[in-house]
Amino acid sequence: MNMKENLYKYILGIADNSLILGQRLGELTGHGPSLETDIACTNISLDLFGQVRSYYQYAAKIKGDNTTEDEIAFLRREREYLNVLLVEQPNTDFAYTITRQFLFDVYHFMFLTELEKSHDVTLSAIATKSMKEVSYHQRFSSDWVRRLGDGTEESKEKIQGAINALWTYTDELFHQTEADKAMVEEKNGVDVTTLKDKYYDTVNAILTEATLDVPESKWFQKGGKKGIHTEHMGYLLSDLQYMQRTYPNMEW
Amino acid sequence: MSEEQIKNLEAQFEERIARDEKIEPKDWMPEKYRKTHIRQMSQHAHSEIIGMLPEGNWITRAPSLRRKVALLAKVQDEAGHGLYLYSACETLGISRDELYEQLHTGKAKYSSIFNYPTVTWADMGAIGWLVDGAAIINQVPLCSTSYGPYARAMIRVCKEESFHQRQGFEIMMKLAQGTPEQKEMAQDALNRWWWPSLMMLGPTDAESVHTEQSMKWKLKRKSNDDLRQQFIDQTVPQADLIGLTIPDSDLKWNEERQSYDFGPIDWDEFWQVVKGHGPCNKERMNARVGAWERGEWVRDAAMAYAEKQQKRKRTSLKKEVS
């Protein structure tokens with residue numbers, strides 16, 4: 001792969017996480033446990049899609065051939081989406097939604113803090129803008145982990161269940177792809193392997209504060225970064241891509 | 001208080017409204033005024049919340065990133081409107097939980113338009129253009145209604161609604177100028193949403209029960225039929241502009257009245273939907289009640305956590321003192 005292809009893949013690797021997580025949150029609008037959480041989750045979804053647009057517009061420019069942000073968002077095959085498995089997990093209940101968000105937000109904020117230092121000025125600028133939003137996301141999801149963990153017996157059981165179930169998807173956040181390695185070498189990308197210890201320290205501290213157990217399992221799932229997804233992904237994409245597939249080559 | 005004193009207060013109250021003074025939450029008000037306002041404001045808040053559902057139905061399937069972001073923002077605005085209308089309603093001495101209870105048991109109504117299904121993307125355009133358009137016509141006069149908290153909430157609501165309406169019209173315009181399939185989609189949406197939108201302005205004056213009292217309290221400034229005429233006169237040229245046809249063969253310009261004449265409205269359909277038998281009444285209520293019930297453990301947890309935090313704070317304060 002040449003540098004241009006590496007950069008293109010690198011951007012998708014970042015942006016696809018926001019796309020798929022934003023899509024999952026968008027499913028919940030109007031169905032939240034309270035008006036306030038409904039507004040907050042919709043707001044996070046909006047932030048993520050805003051970030052997605054900045055990344056894809058940049059990726060489209062790199063790719064050339066009049067590629068558009070929408071072609072990148074809607075017209076790839078499942079195997080070409082590079083998001084981690086964590087973000088595509090379904091909204092089983094509010095505990096899963098919050099846990100998925102929390103486990104991603106802690107990583108996302110650390111990642112953006114490093115991406116801000118990128119020598120690629122566009123990526124650095126997107127990181128600066130996104131960090132403000134993501135620091136709010138992290139506050140929101142951590143607060144809810146505390147509330148649910150240290151709330152009632154029922155809520156504790158539910159959030160512990162969600163944490164145990166989603167824990168298996170955390171390790172993949174720190175896997176390096178070929179594009180990652182090339183970008184790190186050029187000082188344009190983030191070495192995610194260096195974030196791992198700090199990530200688990202932060203997550204474990206908040207779980208402990210929330211009176212929750214840190215899972216001990218060392219069995220982890222991976223594949224998303226190589227485009228091998230869970231079975232949930234196809235259904236998510238059939239919603240996401242519905243209009244573009246049914247009415248090809250039209251403007252909206 | 002003697003009957004005469006109450007009469008005196010009522011007379012003063014009506015005079016204040018006549019002088020265009022705002023009534024504020026702590027002011028004395030007749031019980032009927034309070035009840036009427038709770039009914040109307042909560043109905044309005046419920047409509048915003050139920051209204052999130054038909055549009056939320058297309059968030060995951062919006063055709064472009066730009067449209068998806070705009071739709072998310074719009075539905076979020078509606079949740080925001082719900083939030084401050086519930087808050088405004090709470091100033092009249094009723095809680096949001098009580099208002100939800102009224103919605104969930106069917107005691108309180110919401111706008112019937114949201115009991116129609118959103119079956120294509122063009123419905124997002126039609127709702128913005130027609131439904132929000134009709135809502136604005138209903139709501140602009142409320143910016144100067146007599147109850148202060150309601151009037152102030154409506155100023156903000158109307159600003160955002162008019163933005164939504166332009167956005168909806170722009171969706172329709174883009175479709176109408178697009179491929180034959182897109183144009184057909186737009187026309188089909190107009191055909192389905194036109195008549196229900198006209199019904200949104202309420203039953204004909206002859207059948208409207210609340211009008212006279214509401215006029216006096218400035219909860220209403222024009223009759224339903226006048227508002228409907230205003231909506232039609234405003235919307236027909238917009239449809240012409242983008243080359244769509246209003247689905248009414250009786251529609252024609254009346255030179256003498258300087259207004260459009262229009263065909264008969266199917267009021268049987270209107271009452272069927274109002275009485276709970278529209279295409280989506282049950283789906284909407286199930287979605288709302290379902291979300292509320294599924295969320296109970298979450299709200300309980302938040303409450304329990306807040307109480308624990310408060311207790312901890314008190315204990316640590318006590319320790320500091322001793």
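Hi everyone, let's start with the surface: chain B has an accessible surface of about 15,400 Å², and 53% of that belongs to carbon and sulfur atoms. Those areas come from the Shrake-Rupley method with a 1.4 Å probe.

A quick word on the background. This is a predicted model, where local features need pLDDT of at least 70 and side-chain atom pairs count only at pLDDT 80 or more, while totals for chains, interfaces and linings use all residues. Residues are numbered from 1 along each chain as its sequence is written, chains are lettered from A and ligands numbered from 1 in the order written, and side-chain values use heavy atoms, leaving out hydrogens and water.

Back to chain B. Its C-alpha trace spans about 80 × 55 × 30 Å along the principal axes. Of its 322 residues, 52% count as buried, meaning under 20% relative accessible area with a 1.4 Å probe, protein chains only.

What elements does chain B hold? Twelve helices and two strands, taken as DSSP runs of at least four residues (H or I) for helices and at least two (E) for strands. From the N terminus, the order is α-α-α-α-α-α-α-α-α-β-β-α-α-α.

Now over to chain A, for one helix pair. Helix α6 of chain A (residues 121–149) packs against helix α9 of chain A (residues 196–209) at an angle of about 35 degrees, their axes 8 Å apart; axes are lines fitted to C-alpha atoms over the stretch in contact, and angles run from 0 to 180 degrees between N-to-C directions. Ser142(A), Val145(A) and Arg146(A) of α6(A) meet Ile206(A), Leu207(A) and Glu209(A) of α9(A), with contact meaning heavy atoms within 4.5 Å.

Notes: Buried means under 20% relative accessible area, exposed over 50%, partly exposed in between (1.4 Å probe, protein chains only).
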